[in-house]
Amino acid sequence: MAVSLQFNFKALRSLPQDFHLSPRNRSFKFGLGLVKCSAASPTSKRSYSITLLPGDGIGPEVTTVAKNVLDFTGSLEGIKFNFREMLLGGAALDETGVPLPDETLSVAKQSDAILLGAIGGYKWDKNEKRLKPETGLLQLREGLKVYANLRPAIVFPQLMDASTLKREIVDGVDLVVVRELTGGIYFGKPRGFSTDENGEESGFNTEIYTTHQIDCITRFAFEIAQKRRGKLCSVDKANVLEASMLWRRRVLAIAEEYPDVELSHMYVDNASMQLVRYPKQFDTIVTNNIFGDILSDEAAMITGSIGMLPSASLADLGPGIFEPIHGSAPDIAGQDKANPFATVLSAAMLLKYGLGEEKAAERIDYAVLDTLNRGFRTADIYSAGTKLVGCKQIGEEIMGLFGSAVGAVT
Ligand SMILES: NC(=O)c1ccc[n+]([C@@H]2O[C@H](COP(=O)([O-])OP(=O)(O)OC[C@H]3O[C@@H](n4cnc5c(N)ncnc54)[C@H](O)[C@@H]3O)[C@@H](O)[C@H]2O)c1
Ligand SMILES: CC(C)[C@H](C(=O)O)[C@@H](O)C(=O)O
């Protein structure tokens, strides 16, 4: 047990250790200082304002657990969190008529970090684009300029049997998808619907990237790869799409600034196949908005469940958004079946990468691992011989452990 805990900690630390981001004056230091990206030192501030966006479906269930875990960790570490709960997504539509109220964006901008659950649901699926919950989330990401989305996929030894892939394939997988989050086909114009003279309807979108956008996310990813195992795989569709052709050209140009990182390129169709064939070949993956969305969901299943993958969405300046990669799971909402680990691990990323509170983050990482070691599982990661419990109990088990976990966190 001790060995596996150690292994897991190593894996959880596989994002750069000195990649601290202090609130407000955050900037990432990139090699040549060409972008406003720099590794800030941990902050001395011990009181933080956190915007809490529970959202829809299982969002409120998993954020309640993560908020309690943050509060409890804070009480042990002498950190005070001032949570301000705001509306986003379907919940905001029902209350205010828009998916991202101005007040939510303004409060989020003024806070130190944002903890988000998930948005969306059947009720709003037929809404026009501007009134979809998903539009609110995209507006939030755009409004906060969080262009760099980190989605680490780490296989915990305790969950190897929860993966649908063979043990020998998933054992030791530790990769991170760096997804460009505020560009590409999600935001490209023109977009919309049209009808021709014969009454034939079209829906259209534009995949577009500027050199600046590609350079920013590429440098970000190189910095991450440099502090991990030094391997970066850029995923594109440069055999077909012009935006990908530019992407590949810029990645190759930026690579000259990082001679110590081994760069490879892969077409997205091959990458999606390679991820299930031999995922251990990957260390850091950098890709565009839509490919990153899809590949990270695929990577989640390597780890056992989409309920296990946290994420951090970061900007050059201002607060980051920390959220699980899963959605609002309307099929299990309100049944206490949701796996809260992804949101709790997102809260740990918030502490580590959003606030520079690394020790507090490690408490959470440790408590998550210990909860898994003690056999507690939600249905999505259940396997024979483990204990099937609900979302709330997982939260209680995580917090019950903090006392015993203290000594082990160094
Ligand atoms: N960031 C976000 O807020 C986000 C992300 C993805 C999807 N969505 C939205 O969520 C809604 C549902 O989308 P979907 O069904 O395609 O994806 P989903 O991720 O919500 O669910 C896919 C499947 O995974 C399961 N699942 C997801 N999270 C889980 C968890 N924590 N524990 C246990 N099981 C979990 C669900 O029960 C479902 O069977 C849609 O409205 C979609 O737009 C939001
Ligand atoms: C809900 C949707 C807008 C979102 C995306 O496509 O980015 C989701 O799939 C995600 O990965 O967070």
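This is a predicted model: local features need pLDDT of at least 70, side-chain atom pairs count only at pLDDT 80 or more; totals for chains, interfaces and linings use all residues.

Visitor: What makes Val268, Ala271 and Leu275 the buried residues of helix α9?

Guide: Each of Val268, Ala271 and Leu275 is classed as buried, because a buried residue has 20 or more other C-beta atoms within 10 Å of its own.

Visitor: How do you know on which side of α9 they lie?

Guide: Their arc around the axis is only 50 degrees, so they are on the same side of α9. Asn270 and Arg277 are exposed on the other side of α9. The partners against which the buried residues pack are β8 (231-236), β9 (262-267) and α10 (289-302).

Visitor: Which residues have the most contacts inside the largest nonpolar core?

Guide: They are Leu88, Leu115, Val178, Phe322, Val344 and Ala347, in a core of 114 residues. Helix α11 (residues 341-354) supplies the largest share of this core, 10 residues.

Visitor: What is Val344 in contact with, leaving aside neighbours within four places in sequence?

Guide: Val344 is in contact with Val65, Ala66, Val69, Ile364, Val368 and Ile398. These count as contacts because the C-beta atoms of two residues in contact lie within 7 Å.

Visitor: Which residues come nearest to ligand 1?

Guide: Of the 22 residues around ligand 1, the nearest are Gly120, Gly307, His326, Gly327 and Asn339. The shell has 10 nonpolar, eight polar and four charged residues; Gly counts as polar in this classification.

Definitions and conventions: Residues are numbered from 1 along each chain as its sequence is written. Chains are lettered from A and ligands numbered from 1 in the order in which they are written. A residue is buried if 20 or more other C-beta atoms lie within 10 Å of its own, exposed if 12 or fewer, and partly exposed in between; C-beta atoms are placed from the backbone. Helices (H or I, at least four residues) and strands (E, at least two) are DSSP runs, numbered from the N terminus. The arc is that of the directions from the helix axis to the C-beta atoms. A residue is near a molecule or strand if its C-beta atom, placed from the backbone, lies within 6 Å of it. A nonpolar core is a set of buried Ala, Val, Leu, Ile, Met, Phe, Trp, Tyr and Cys residues joined through C-beta atoms within 7 Å.
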